[in-house]
Amino acid sequence: SLHAYSMPLLLNSTLYNSTVGQQFAYWLGMYENLTKKNIWITETGMPSDSNSTYQELGFSPSKQEEFLNQSFSMFLSKPYVKAVFWFNLYGTADFPYNLDFGLLYPNMTQKQAFATFEKFTKKYG
């Protein structure tokens, strides 16, 4: 079970001469090689709001959707990754920073990323 966050970077962002996605893939492979066990990503996510203490990081619904698509695509392309869980379905977290990781708005309507989340749940169950 691993947590995989790269806030505020997307997986195609460069960090230390490689992309965040390449670094995630490298460390997942190392972890699988070390443990010889299937991997569950029990938490991953990116906030969708700019109402947090960290407004300068540029969180937005479209950036959240892009991160969800990039991260789920990469994680689920690895045969040893058996499950990926998004943090969280609804609401703010990480008080007092008020980071809204939810895929639903407070009125329970779907954010942009929800359709992408559904795409993956339908494909991978």
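Is lysine 111 buried or exposed? At 3% relative accessibility, lysine 111 counts as buried. Buried means under 20% relative accessible area, exposed over 50% and partly exposed in between, with a 1.4 Å probe and protein chains only.

## About the model

This is a predicted model: local features need pLDDT of at least 70, side-chain atom pairs count only at pLDDT 80 or more, and totals for chains, interfaces and linings use all residues. Residues are numbered from 1 along each chain as its sequence is written, and side-chain values use heavy atoms, with hydrogens and water left out.

## The salt bridge

Lysine 111 forms a salt bridge with aspartate 100. Their closest N and O atoms are 3.0 Å apart. Aspartate 100 lies in strand β7 (residues 99–100) and lysine 111 in the loop between β7 and α3, so the pair ties together parts that are 11 residues apart in sequence. Aspartate 100 is also buried, with a relative accessible area of 10%.

The count comes to 1 salt bridge. The rule asks for a side-chain nitrogen of Lys or Arg within 4 Å of a carboxyl oxygen of Asp or Glu. Side chains of opposite charge can pair when their charged atoms come close.

Helix α3 covers residues 112–124. Helices (H or I, at least four residues) and strands (E, at least two) are DSSP runs, numbered from the N terminus. Ala113, Phe114, Thr116 and Phe120 are buried in α3. Seen down the axis of α3, these buried residues fall within an arc of 165 degrees, so they line one face of the helix. The arc is taken from the directions from the helix axis to the C-beta atoms. Their cover includes α2 (61–76). After α3 comes glycine 125, with a positive phi near 70 degrees.

Glutamine 64 lies in helix α2. It is buried, at 0% relative accessibility. Leaving aside neighbours within four places in sequence, glutamine 64 is in contact (heavy atoms within 4.5 Å) with residues including Asp100, Lys111 and Ala113. Its side chain also reaches the backbone oxygen of glycine 102 at 3.2 Å.

## Threonine 44

Threonine 44 sits in strand β4 (residues 39–44). It is buried, with a relative accessible area of 0%. Histidine 3 is 41 residues away along the chain, yet the two C-alpha atoms are separated by 5.9 Å. The side chain of threonine 44 reaches the backbone oxygen of alanine 4 at 2.4 Å. Beyond neighbours within four places in sequence, its contacts include Tyr5, Phe67, Val84 and Trp86.

## Surface and backbone

Where is tryptophan 27? Tryptophan 27 is in helix α1 (residues 20–35). It counts as exposed, at 56% relative accessibility. Tyr26, Trp27 and Met30 form a nonpolar patch on the surface, with about 370 Å² of accessible area together.

Two peptide bonds are described here. A cis bond joins methionine 7 and proline 8, with omega about 0 degrees. Proline 8 is in the loop between β1 (2–4) and β2 (14–15). The bond from phenylalanine 87 to asparagine 88 is cis, with omega near -10 degrees. Tyrosine 16, which is not a glycine, has a positive phi near 55 degrees. It is exposed, with a relative accessible area of 70%.

Definitions and conventions:
A polar contact is a pair of N or O atoms within 3.5 Å; within protein, one must be able to donate a hydrogen and the other to accept it, and residues adjacent in sequence count only if both atoms are side-chain atoms. Patches are made of residues with over 30% relative accessible area and no salt bridge: like charges are joined within 9 Å, nonpolar side chains (Val, Leu, Ile, Met, Phe, Trp, Tyr) within 5 Å. Accessible areas come from the Shrake-Rupley method with a 1.4 Å probe; for residues, only the protein chains shown count as cover.
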